[in-house]
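Subject: A structure for you to look at

Hello,

Here is the structure I promised to send you. Please open it beside this email and follow along as you read.

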There are 2 protein chains.
Amino acid sequence: MALNLSPDSRVPIFEQIERYWIYRIAAGDPATGERIPSVRDMAQRILVHPNTIVHAYGELERAGIIVARRGIGMEVTADAPRICKEKRESLLGDRVRELFVEAEQAGMSRADLVRLVREIMNQMGAE
Amino acid sequence: MALNLSPDSRVPIFEQIERYWIYRIAAGDPATGERIPSVRDMAQRILVHPNTIVHAYGELERAGIIVARRGIGMEVTADAPRICKEKRESLLGDRVRELFVEAEQAGMSRADLVRLVREIMNQMGAE
DNA sequence: CTCCGTGTACCACAATTCTAGCACACTAGT
DNA sequence: ACTAGTGTGCTAGAATTGTGGTACACGGAG
């Protein structure tokens, strides 16, 4: 469950960090009232500039997931679990929809897509 | 089968154009020896700057899918159908893999993912 | 009070993507 | 020849994303 950053990915680093905490909080690990690592701590842990962390945390705050307490840290709100679960469904749903759209544009039938998915699932092992 | 550009998408416009022709050629519509629209024609048709088309066509040429003939146009090569079919599988495979990775990071089980996929498939209609 | 750790606010710079415009080289048709 | 249409090359700017650095404001521990 570690944060595995992909700097070459199309999704910006700040958004990868944002999603990481959304998924973590949706899973209940940092619960309401608890705090997530400070900007500088997080930056040092994943070797990213503090400003990038600030950007990610700012998005989480605007979404009502965390609240900034100066001199203290970023605290998980009461609504955070609900919001994060909703966002988790939304994010994964978007990915699935994108896959369907791409397959349709590629002229690939639904049956072929299912076959491709099974093939890749086998490649990636049981888990 | 029209080119539906998404300027706000994370995938750059030049790459959307590139994929469009890969999928088209993989389907066999512009066949070997035929030509794809000129840079200026394509730019005017989809309301994009010619330089963006040049970028997309340049990638297709580097991949050996088309060959530039000055004063004539961009011609589909003999190897293009094979290359485009390979790329089509590769592109869709990457999308599927990304979905699995995202679901795993979200702590979503494979069963839950399958359930989500079916749900969205129903939402998107039969087709 | 002082010190340290916290969030916040700037500024500057680089890389990528896209837009914008211009000039040049080549080919076909007239 | 001339013209129109093709690909090619160049410079420049805007917007986004990320890095790098500095300074300031707030709160708790000593």
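Two strands count as paired if DSSP finds at least two bridges between them. Keep that in mind for the first part, and remember throughout that this is a predicted model.

**The sheet in chain A**

Let's begin with strand 1 of chain A and strand 3 (residues 73-76) of chain A: 2 bridges join them, and they run antiparallel. Because the cut-off is at least two bridges, these strands count as a pair. You can find both bridges by eye. Arg35(A) stands opposite Glu75(A) in strand 3 of chain A, and Ile36(A) has Met74(A) as its bridge partner in that strand.

Strand 3 of chain A also pairs with strand 2 of chain A, again in the antiparallel sense, this time over 4 bridges. Here Val67(A) has Glu75(A) as its bridge partner.

Put together, 3 strands of chain A form an open sheet in the order 1-3-2, with antiparallel pairing. Which strands stand at the edges? They are strand 1 (35-36) and strand 2 (66-69) of chain A; each has a single partner strand, so one side of each has no neighbour in the sheet.

Now look at the hairpin of strand 2 and strand 3 of chain A, which has 3 residues between the strands. In this hairpin, Gly71(A) takes a positive phi near 80°.

Helix 3 (residues 50-62) of chain A lies across strand 1, strand 2 and strand 3 of chain A. Its direction is at about 115° to strand 2 of chain A.

**The domains of chain A**

Chain A is divided into domain 1 (13-82) and domain 2 (88-123). How far apart do the C-alpha centres of these domains of chain A lie? The answer is 31 Å.

**The sheet in chain B**

In chain B you will find an open sheet of 3 strands in the order 1-3-2, with antiparallel pairing. Its edge strands are strand 1 (35-36) and strand 2 (66-69) of chain B, each pairing on one side only. Strand 2 of chain B is joined to strand 3 (residues 73-76) of chain B by 4 bridges, and the two run antiparallel. For an example, find Ile66(B), which stands opposite Val76(B) in strand 3 of chain B. Helix 3 of chain B lies across strand 1, strand 2 and strand 3 of chain B, at about 115° to strand 2 of chain B.

**Two helix pairs in chain B**

The axes of helix 2 (residues 39-46) and helix 3 (residues 50-62) of chain B come within 8 Å and cross at roughly 120°. That makes helix 2 of chain B oblique to helix 3 of chain B, and their crossing is right-handed. Helix 2 of chain B brings Val39(B), Met42(B), Ala43(B) and Ile46(B) to the contact, while helix 3 of chain B brings Pro50(B), Ile53(B), Val54(B) and Tyr57(B). By class, this contact of helix 2 with helix 3 of chain B has 8 nonpolar, no polar and no charged residues.

Helix 1 (residues 13-27) and helix 4 (residues 80-105) of chain B pack at an angle of about 120°, with their axes 8 Å apart. The crossing of helix 1 and helix 4 of chain B is left-handed. Among the residues that meet are Arg19(B) and Ile22(B) in helix 1 of chain B, and Lys85(B) and Leu91(B) in helix 4 of chain B. The contact of helix 1 with helix 4 of chain B divides into 8 nonpolar, no polar and 5 charged residues.

Enjoy exploring!

Methods. Residues are numbered from 1 along each chain as its sequence is written. Chains are lettered from A and ligands numbered from 1 in the order in which they are written. This is a predicted model: local features need pLDDT of at least 70, side-chain atom pairs count only at pLDDT 80 or more; totals for chains, interfaces and linings use all residues. Side-chain values use heavy atoms; hydrogens and water are left out. Contact means heavy atoms within 4.5 Å. Axes are lines fitted to C-alpha atoms, for helices over the stretch in contact, and angles run from 0 to 180 degrees between N-to-C directions. Domain bounds come from an automatic or database domain assignment. Angles under 35 degrees count as roughly parallel, over 145 as roughly antiparallel, 65 to 115 as roughly perpendicular and the rest as oblique. A crossing is left-handed if the near helix is turned anticlockwise from the far one by less than a right angle, and right-handed if clockwise. Ala, Val, Leu, Ile, Met, Phe, Trp, Tyr, Cys and Pro count as nonpolar, Asp, Glu, Lys and Arg as charged, and the others, Gly among them, as polar.
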